[in-house]
Amino acid sequence: MDAIRDALAQAAGDAGPADAADGETDGTFLVTHADDGSAVLRDAASGQVHTLSSNPGVAEGEAVEGVVAPDPPMNVSWQLVEVRERRQIAVEESEEPPTQHSLDLAADQPVGELTRTERAGTGEIHVISVPEDDTDQAVADVLDDAETSRTRAARLGVNRVEIRSAPGVVVVRYMP
């Protein structure tokens, strides 16, 4: 399902870095790996990866809004020097079918296309048209690439990603 991966990747990158002159980076980060001794954060806006020299208590799958700074003197690892907010981001498949609005959007687009629309309230909805026979595989692909969905959710400031489907349609809902 290269079309699904391409559509999600296209939707993922729409912001730039926020680096300060002293090397500090202020932003929203997704924790992509965490163990007792270190953690790896990915800037949700720029995609830059920051390997922390220690783990300040973050867990994989969390979004962290804060500031990272390079470790002196070599500046090859980082420290999380400020945390303003932390939240876990869940990615799950729903038993609920797509809404009629999502089905209408899918009907008006070719297979392999993605339409992004604002969600009532906070968040965003991505409607992807897929071949009917490949719907289950497309849902599995989205679930397998949870990191991309979490990165997008972190950028949108939401903490839940819900995947709904119907034959020929996959809907990824980014919600509070």
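Five bridges join β1 to strand β2 (residues 39-43), and the two run antiparallel. Strands here are DSSP runs (E, at least two residues), numbered from the N terminus, and two strands pair if DSSP finds at least two bridges between them. The model is predicted: local features need pLDDT of at least 70, side-chain atom pairs count only at pLDDT 80 or more, and totals for chains, interfaces and linings use all residues. Residues are numbered from 1 along each chain as its sequence is written, and side-chain values use heavy atoms, leaving out hydrogens and water.

**Exercise 1.** Find the strand partners of β1.

*Solution.* Start with β2: a hairpin of four residues links β1 to β2, and Leu-30 has Arg-42 as its bridge partner there. Next, turn to β4, which β1 meets antiparallel through six bridges. In β4, Val-64 stands opposite Phe-29.

**Exercise 2.** Why is β1 described as largely enclosed by the rest of the structure?

*Solution.* Take buried as under 20% relative accessible area (exposed is over 50%, partly exposed in between; 1.4 Å probe, protein chains only). Seven of the ten residues in β1 (residues 25-34) are buried, so the strand is largely enclosed.

**Exercise 3.** Describe the surroundings of Ser-77.

*Solution.* First, locate Ser-77 in the loop between β4 (62-70) and β5 (78-88). Then check accessibility: at 18%, Ser-77 counts as buried. Finally, list its contacts (heavy atoms within 4.5 Å): leaving aside residues up to four places away in sequence, Ser-77 touches Thr-51, Ser-53, Ala-69, Pro-70 and Asp-71.
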